[in-house]
Amino acid sequence: MKRWTRREDERLLTGRGRYVADIEVPGCLDAVFVRSDVGHGTVRDVDCRAAREMPGVVGAWSAADLSALPSCGPTAAHLRDLPPVPYTLLAGLSTAKAVAGREWPPLVKDRVRYAGEAVAVVLGEDRYRAEDGAAAVSVRIDRLPTVATPSAAADDSVRLFDGLSNIVFLGEAGKPIEESVWREAAVVVEGHYRQQLLMPTPMECRTILAVPDGDRLTVWSGHQMPHRLRRELAALLQWPVERVRVAVPDTGGAFGSKSATFPEFVVVVFLAVKLGRPVRWIEDRMESMLAATRGRGQDQRVRLAADADGRLLGYELTIDADVGAYPHLGAGLPMQTAWMATGPYLTPKVHATVRSVLTNTMMTYPYRGAGRPEATTALERAMDVMARRLDIDPAELRRRNFIPPESFPYETPTGRRYDSGNYAAALDMALETLDYGAWRAEQARRRADPHALPLGIGLSCYVERSGGEAGGLHEFGSIEAATDGTITARCGAASSGQGHETVFPALVADVLGVDEDRVRLVEGDTGRQPEGVGSFASRTAQVVGAMLQHAAQLLIEEARDRAARLWNTPVDDVTWAKGTVHLTAGASTAADAPTAMGLAELVRATGPLRVGDRFEAAMAFPFGAHAVVAEVDPELGTVRLLRMVAVDDCGVVLNPTIVRGQALGSAVQGIGQALYEGIPYDGEGVPVLASGLLDYLLPTFTEVPPIEVKDTCTPSPSTPLGAKGAGESGCIGTPAAIVNAVADALRIADPDLLQMPLTPDVVWRAARAPKPEEVR
């Protein structure tokens, strides 16, 4: 029987989880960072003398005190020397050119470029004493002008690096579209969209504990890519990787925000090695809101052309992307938006261009969906504007333009190769589940009643890429059988809440035909699994799962081979069933030889049994259709979500309970982007978040409407399990559906009037904007 309840839940929900903050190490010091309170400025002085005199403070350092402190990644040199890894996707960007002269310092010496950048560090015997020491550090910074959006920064009127442009990357996908397409189209719609900066906001903020032991170092961190962290820390220390072990304990969420080698990590590791003592940094919530990575951050311009019947002719997407203050992995990340600009539609001409621009903000980094929500929102909002202009039902316009199932595999104009899909089936299920016709009837009734609140229906159809990019579509792992009958599966992934402990043992058990309670999982530890890639980009079921399936099949073949040698019979005479090798009826062997042998008995007879491999998978392209019903109060500017339907297709589902949880969780994050979340900056480039999560709003249980999750199943032909990624669907499909529902309720023709988040102020003003007929 399949285990649909998660193994890890009892431990985590009863407080027996073991996070980095729970790890007790004798003599451990706590680190606290002193941070800039301005967004851009010249550092005149950082004085740590008073801090060093504080009781319980072991040391306090500015950048001037730590001249040997290396820059944190990616520097041109250490990225060039590293083997290809996922997320080093600068997509044609010359890393050396982008980074040279713009290195990211762990502690700032001369010039701060974003509010929250660390200028000093204090180590204390405990966190309280370290905090007291940090408060005693004196910092003087002369303010400089700031630019907090990519469009404002792109003209280089305020340069973050003297003599160097703020534009660090130019890229494109597809080919430029001839002017005749726009000139001859029956309808061309245009729009400007701001994809606001978001905070990933995991329950547990960033963490690291560095424990030196002679010439070796053990690092504990809630990290998505422990093998990458080990590689980069070893490179920064100029050590062989064998001297560094990275282990990931229980981790309270990540959403992409825990996959880098952060400045704080570099400082903590450097000081631990320098002092020969354990050093820990546990980021608190306010610190995270100021200095942790951001997501999204694009200024977009779109043009969409169609003929009189609504057949799409051309789509143009122009992106100014917010990189943050230093060119890091966010520089190439907007290419994910460009590559996925086509969406699910058979558009003959698509062209997307990208400018990645430095701004006085914290670094933009992968956040759940990582480029695909931005692509979907731009296109799906344009589709609704087009439907309104042509007076075609939005569902019908989409249906007319879907890539048909018989066209797969499909090469998009932007260079993606979609593996499989049935987009109309997903939309039809969403409309049926929502009861689309009944809600349209209710909308018509309300429009005839001057006292009724406006009601709108919004749709969004999406395609995303899962698994990662070429060069990172592989994983390492092994399976080992013990003499007591237990089976250990090892892999290079690292869970931050996705249920690996449940899914992967069940998968291995299913292949081997044994009870899943016999299988345990080892992951997130470079000391127990020497090679690995990690957990990101919705890749674990699709790539890691396929690797473990492959390893389990290798174990079966090795067991059959051993049994054949033991029984002195051809391997073709040995079969495998339910964890046991069997001699085929009628096969010749020694008279006293058994005809069947369990796996544990086989190991006892032939020695340790462990198989491992590097397994290469392929990209997959999940898809879906989301539908939202929203009620708007024009007098208050409030939006009430009455109903949401999410139909997602992630191919073959390994565990329905976990996939449903992923769909619900990501949909709630999509609600957050559409209605609540955003990082406002003041004139000095400082985030206006004085009251923490009272200012940065997240949807709570009260704001979440009934969400009905459904799925279709279109297996991927390019992955052995037929599975596609499931972790990012709601973030991708939900925001545009919500905005479209509000626009539909208010009958807004100008797409620029509704920019996320749809706060009451935004909605109130949009409701009062002149309608096109009023302007005429």
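Predicted model: local features only at pLDDT ≥ 70, side-chain atom pairs only at ≥ 80, totals over all residues.
Student: Okay, in what order do the strands of the 4-stranded open sheet come?
Tutor: The order is β18-β26-β27-β28, and the pairing is mixed.
Student: Which strands stand at the edges there?
Tutor: Those are β18, residues 455-463, and β28, residues 707-711. Each has a single partner strand, so one side of each has no neighbour in the sheet.
Student: And how much are neighbouring strands of this sheet turned against each other?
Tutor: By 15° on average, if you ignore direction.
Student: Back to β18: in what sense does it pair with β26, parallel or antiparallel?
Tutor: Antiparallel, with 9 bridges between β18 and β26, which covers residues 623-633. Within that pair, G456 sits opposite A630 of β26.
Student: Which helix lies across β18?
Tutor: Helix α20, residues 729-746. Besides β18, helix α20 lies across β26 and β27 (638-649), and it runs at about 150° to β18.
Student: New topic: what's the strand order in the 3-stranded open sheet?
Tutor: That one goes β4-β2-β6, with antiparallel pairing.
Student: Why is one side of β4 and of β6 left without a neighbour in the sheet?
Tutor: Because β4 (111-112) and β6 (138-143) stand at the edges, each with a single partner strand.
Student: How many bridges join β2 to β6?
Tutor: There are 6, joining β6 to β2, which spans residues 41-47.
Student: And what stands opposite D47?
Tutor: S138, which is in β6.

Key
Residues numbered from 1 in each chain as written. Heavy atoms only, no water. Pairing = 2+ DSSP bridges. Helix = DSSP H or I, 4+ residues; strand = E, 2+ residues; numbered from the N terminus. Axes fitted to C-alpha atoms, helices over the stretch in contact; angles between N-to-C directions. Contact = heavy atoms within 4.5 Å.
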